Amino acid sequence: MTEPVGLPMADCHDDLLMGVVHQQERGHADPFGDFWLPQLREGGVVLQVLPIYTEDQFLGEGALRRALRYVEAAWAIAERHADDVALVTSGSELRAAVGSERIAMVLAFEGMEPVGHEVGVIDTFWRLGVRMASLTWNRRTMFADGLGESATGAGLSSLGLAAVERMEELGMIVDVSHLSDAGFEHITRVATRPFVASHSSCRAVHGHPRNLTDEMLRAIVASGGFACMNAYGGFVGDDSPTVESYVDHIEHVMRVGGAEAAALGSDFDGLVVPVPALPDVSALPRVTQLLRARGHAPEVVRGVLGENALRVLTDVCG
């Protein structure tokens, strides 16, 4: 029997939560139900990681309030659309959501500005449902330098080391996307549990500094983690990136780290078209079609599209 094209998808980075909040602030009553949920269903998404990002105007003490606004928006979505989605906080909840054909949603930090200088606040956000976190976006935080501050050559601060230790104790997954190269290398020396790159592609395929080197890919695999390929056009290739060039990144991860190391982290945000043929998650089945057309075995395709991410998130989050 021929396997259907529409396989279950796990997307480890879609800025839909930011989009929802922005639309609500403009007076839209239910942007998730009207705009985002149909995309997720059409794309076959069964797991969606929801990053909490701090916009520039909320840096400083405003970051905490903004993050709480995002958390509340996520829980409100889960309550309003309980038949379709579930905000999950454990591996058992994740399995139950997927088993009941609901979309499992996982909260994550894209930069830990909301934590400020209090490692104990990580525990608070753990209680609120955050299960994955990057120490930085491109900017500097009190924990480490983002990619935009790479000239410093700095690794993690003492606060950053304490944060990683506490995250690992809780089961919160360390995300290395956006971290400076020196910060990444520091993570490889101190991490004791699997870490992931939620939305970073491959430098060997396209030499953008936001992408991962082969050495980084191997370190992620050695930790037990996985690398999620970013579909933003500037990270995929020059000029006119295509679905084909996006899949080139996926295949490179498989060559360097093995089939179990590759996953999806779209970085869609509803505003910028990353790759023309991949405008949003509804188009993700095109990735399925191309992987199958290139001769990858059904079990490999299922792993890349969803099972690799589902396995690690289920195991690490407990």
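This is a predicted model: local features need pLDDT of at least 70, side-chain atom pairs count only at pLDDT 80 or more; totals for chains, interfaces and linings use all residues.

Let's start with helix 11 and helix 12. Two packed helices are described by the angle between their axes and the distance between the axes. Helix 11 covers residues 285-293, and helix 12 covers residues 298-317. Their axes are 10 Å apart, at an angle of about 150°. Angles over 145 degrees count as roughly antiparallel, so helix 11 and helix 12 are roughly antiparallel to each other. The crossing of helix 11 past helix 12 is right-handed.

Which residues of helix 11 and helix 12 make the contact? From helix 11, they are Val-287, Thr-288, Leu-291 and Arg-292. From helix 12, they are Pro-298, Val-301, Val-304 and Leu-305. Sorted by class, that contact has 6 nonpolar residues, 1 polar and 1 charged.

Stay on helix 11. Its buried residues are Pro-285, Val-287, Thr-288, Leu-290 and Leu-291. What covers them? The cover includes strand 1 (9-11), helix 2 (31-43), helix 10 (243-257) and helix 12.

Now step back to the loop between strand 9 (262-264) and helix 11, where Ser-282 is found. Is Ser-282 buried or exposed? Ser-282 is buried, because its relative accessibility is 18% and the cut-off for buried is under 20%. Ser-282 and Leu-40 are 242 residues apart along the chain, yet their C-alpha atoms are separated by 6.1 Å. Leaving out residues up to four places away in sequence, Ser-282 touches Gln-39, Glu-42 and Gly-43.

Most residues other than glycine have a negative phi. Asp-267 counts as buried, at 17% relative accessibility.

Asp-239 also has a positive phi, near 60°. You will find Asp-239 in the loop between helix 9 (233-236) and helix 10. Asp-239 is exposed, with a relative accessible area of 79%.

Helix 7 passes helix 8 in a left-handed crossing. On the helix 7 side, the contact uses Asp-181, Phe-184 and Thr-188. On the helix 8 side, it uses Met-216, Ala-219 and Ile-220. By class, this contact has 4 nonpolar, 1 polar and 1 charged residues.

Last topic: cysteines. A disulfide is a covalent bond between the sulfur atoms of two cysteines. How many disulfides does a search of the whole structure find? The count is 0. Take Cys-202, which is in no disulfide. Its nearest cysteine sulfur belongs to Cys-228 and is 11 Å away. Cys-202 is buried, at 0% relative accessible area. Cys-228 is in no disulfide either, and its nearest cysteine sulfur, that of Cys-12, is 3.7 Å away. The disulfide cut-off is within 2.5 Å. Cys-228 is buried as well, at 0% relative accessibility.

That's my tour. Over to you.

Notes. Residues are numbered from 1 along each chain as its sequence is written. Side-chain values use heavy atoms; hydrogens and water are left out. Axes are lines fitted to C-alpha atoms, for helices over the stretch in contact, and angles run from 0 to 180 degrees between N-to-C directions. Helices (H or I, at least four residues) and strands (E, at least two) are DSSP runs, numbered from the N terminus. Angles under 35 degrees count as roughly parallel, over 145 as roughly antiparallel, 65 to 115 as roughly perpendicular and the rest as oblique. A crossing is left-handed if the near helix is turned anticlockwise from the far one by less than a right angle, and right-handed if clockwise. Contact means heavy atoms within 4.5 Å. Ala, Val, Leu, Ile, Met, Phe, Trp, Tyr, Cys and Pro count as nonpolar, Asp, Glu, Lys and Arg as charged, and the others, Gly among them, as polar. Buried means under 20% relative accessible area, exposed over 50%, partly exposed in between (1.4 Å probe, protein chains only).
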